Structure formats: structure tokens, C-alpha cells
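The following exercises are to be worked through with the sequence and the coordinates at hand. Each task is followed by a stepwise solution.

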Amino acid sequence: QVQLAESGGGLVQAGGSLRLSCAASGRTFGSYAMGWFRQAPGKEREFVAAISRSGYRTAYGDSVKGRFTISRDNAKNTLYLQMNSLNSEDTAAYYCAATLIISDYVPAPLRSAQVDAWGQGTLVTVSS
């Protein structure tokens, strides 16, 4: 099973940008479709973005379309989330997720029940 570790969270002003990373180890990173979820205090976990095994196909949650970009580097076993135009509603713990999948397909949206491995989360706080 793949192990995941997020980094890159922190405090940022509204309108600013932040890039999250997720380092993967264990089973072959390229066998997994990957995704990002987030969970704000008192709210349910929310789908943010997903990317296929090759990286050619992506999907986004409605609240982040046009502002966030998911990408991956299979040579480095790393997943990224570039977040631009951040606002206070983006404040949450962000979680990296891996889904073992046999084709170059991206679940849209990726659902928590489809996830085979989770990272421990990284906190993003947007100040207004």
C-alpha cells in the first residue's frame, strides 16, 4: 500500500497563493489515481481535485474550478495542488488521497469510499 505525506500548508492572506505537495512511498505511485480533499472545522470532507494515473485527465470540485490546479510528477512520486486566489472559505485541512485503478481514468468526483490511502493532512489558513 502507498504511504502519503502532505506538506506546504500554512497561513496566507486572502488573494494569495500556496502550493501543496504530497510525497508517496510504497507501491508504484503510477498505479494510483490521486486526489485532494479538504475538511473545514464542523464540515464534512469535501472533494477538491483528482488526477488520472498519467496526469492527462483532471477533475475539480465546483468551488475551486479556475483557481486550483492539480498535477503530478510520477518520476518524483509526488502530487501537487497549486492554489491561487485563495479566500477564507478555502481554510481547511487538506488531505492527499490515492485510489488504486487499472486504467487512465479520473473519477469525477472522487469519493471518499473510493480512496485506498490517505495522508495525515496539512492545514491551510487564509486570513482576510
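**Exercise 1.** Locate Trp118 in the secondary structure and describe its surroundings.

*Solution.* Step 1: Trp118 belongs to strand β10, residues 117-118; strands here are DSSP runs of E with at least two residues, numbered from the N terminus. The model is a predicted one, in which local features need pLDDT of at least 70 and side-chain atom pairs count only at pLDDT 80 or more, while totals for chains, interfaces and linings use all residues. Residues are numbered from 1 along each chain as its sequence is written, and side-chain values use heavy atoms, with hydrogens and water left out.

Step 2: The relative accessible area of Trp118 is 31%, so Trp118 is partly exposed (buried means under 20%, exposed over 50%, partly exposed in between; 1.4 Å probe, protein chains only).

Step 3: Leaving aside residues up to four places away in sequence, Trp118 touches Leu4, Phe37, Arg45, Tyr95, Cys96, Ala97 and Ser112 (contact: heavy atoms within 4.5 Å).

**Exercise 2.** Identify the disulfide and characterise its geometry and location.

*Solution.* Step 1: With a disulfide defined as a pair of cysteine sulfur atoms within 2.5 Å, the count is one. The partners are Cys22 and Cys96, with an S to S distance of 2.1 Å.

Step 2: The angle about the S-S bond is -75°, and the link of Cys22 and Cys96 is left-handed.

Step 3: Distant parts of the chain are linked by this pair, since Cys22 lies in β3 (residues 18-25) and Cys96 in β9 (residues 92-100), 74 residues apart. Both cysteines, Cys22 and Cys96, are buried.

**Exercise 3.** Describe the nonpolar cores.

*Solution.* Step 1: A nonpolar core is a set of buried Ala, Val, Leu, Ile, Met, Phe, Trp, Tyr and Cys residues joined through side-chain atoms within 4.5 Å. The largest has 29 residues, and Leu4, Met34 and Trp36 are among those with the most contacts inside it.

Step 2: At least two residues of this core come from each of several strands, including β3, β4 (32-39) and β9.

Step 3: Another core, of eight residues, lies apart from it and includes Ala59 and Val106.

**Exercise 4.** Determine the strand order of the open sheet of four strands.

*Solution.* Step 1: The order is β1-β3-β8-β7, with antiparallel pairing (two strands pair if DSSP finds at least two bridges between them).

Step 2: β1 (3-7) and β7 each have a single partner strand and therefore stand at the edges.

Step 3: Six bridges join β7 to β8; Phe68 has Met83, in β8, as its bridge partner.
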